[in-house]
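Open the model in your viewer and keep the selection tool at hand. The stops below concern aromatic rings and one further residue.

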Amino acid sequence: MEAGMNVLHDAGIQATRWLQEHFQGSQDWFLFISFAADLRNTFFVLFPLWFHFCEPVGIRLIWVAVIGDWLNLVFKWILFGERPYWWVHETNYYSNASAPAIQQFPLTCETGPGSPSGHAMGAAGVYYVMVTALLSIASASPWASTCCCGRSAWTCSG
């Protein structure tokens with residue numbers, strides 16, 4: 001199991017390094033994306049807004065946040081994965097080569113097991129609920145779907 005986790009950690013380290021090299025100027029955007037969908041903001045900001053405008057979506061947000069956080073905790077107990085920023089310097093996986101250099105930020109300076117990432121799992125669940133809700137709202141309205149599709153096409157091409 002350790003060899004498999006080492007391969008998984010290495011893939012995460014390589015992805016982190018690639019993102020940090022190619023999107024260095026987007027650091028604030030990535031931090032905002034993670035911060036905006038954390039559990040505190042989901043409970044105190046996103047849930048009340050969505051519950052007011054569309055009750056089923058608000059309820060889905062709460063369920064996704066609660067179940068997602070619970071599953072993350074269970075997976076952390078099972079996998080007890082190390083934090084990538086610490087693992088890269090403590091492992092023997094890179095014994096024949098130098099360890100990749102990755103930058104650490106205040107948001108990533110947490111203690112306890114780090115794999116799977118609670119930030120990634122939580123944000124993915126919350127954004128999935130919100131994006132699917134927005135897409136269903138946009139597809140129900142002919143004006144909204146035309147407007148959104150047209151703007152998306154211009155955004156992607158421009």
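The model is predicted.

Begin with the aromatic side chains: a search of the whole structure finds five aromatic pairs. For the stops on pairs, two quantities matter, since a pair of aromatic rings is described by the distance of the centres and the angle of the planes.

Select F47 and F51. Their ring centres are 5.3 Å apart and the planes stand at 40°, so this pair is tilted; the angle falls between the 30 and 60 degree cut-offs. Both residues belong to helix α3 (residues 39-53), where they sit four residues apart, about one turn of the helix. Colour by accessibility next: F47 has 23% relative accessibility and counts as partly exposed, and F51 is partly exposed with 34%.

Move to Y93 and Y94. Here the ring centres are 5.2 Å apart with the planes at 90°, so the pair is edge-to-face. Are these two residues buried or partly exposed? Y93, at 34% relative accessibility, counts as partly exposed, whereas Y94 is buried at 13%, because the limit for buried is under 20%.

Now select W18, F23 and F30 together. Ring pairs link these three residues into a cluster.

Finish on V66, which is placed in helix α4 (residues 55-79). V66 is partly exposed, with a relative accessibility of 39%.

Key
Residues are numbered from 1 along each chain as its sequence is written. This is a predicted model: local features need pLDDT of at least 70, side-chain atom pairs count only at pLDDT 80 or more; totals for chains, interfaces and linings use all residues. Side-chain values use heavy atoms; hydrogens and water are left out. Rings of Phe, Tyr and Trp (its six-membered ring) pair if their centres lie within 6.5 Å; planes under 30 degrees apart count as stacked, over 60 as edge-to-face and the rest as tilted. Helices (H or I, at least four residues) and strands (E, at least two) are DSSP runs, numbered from the N terminus. Buried means under 20% relative accessible area, exposed over 50%, partly exposed in between (1.4 Å probe, protein chains only).
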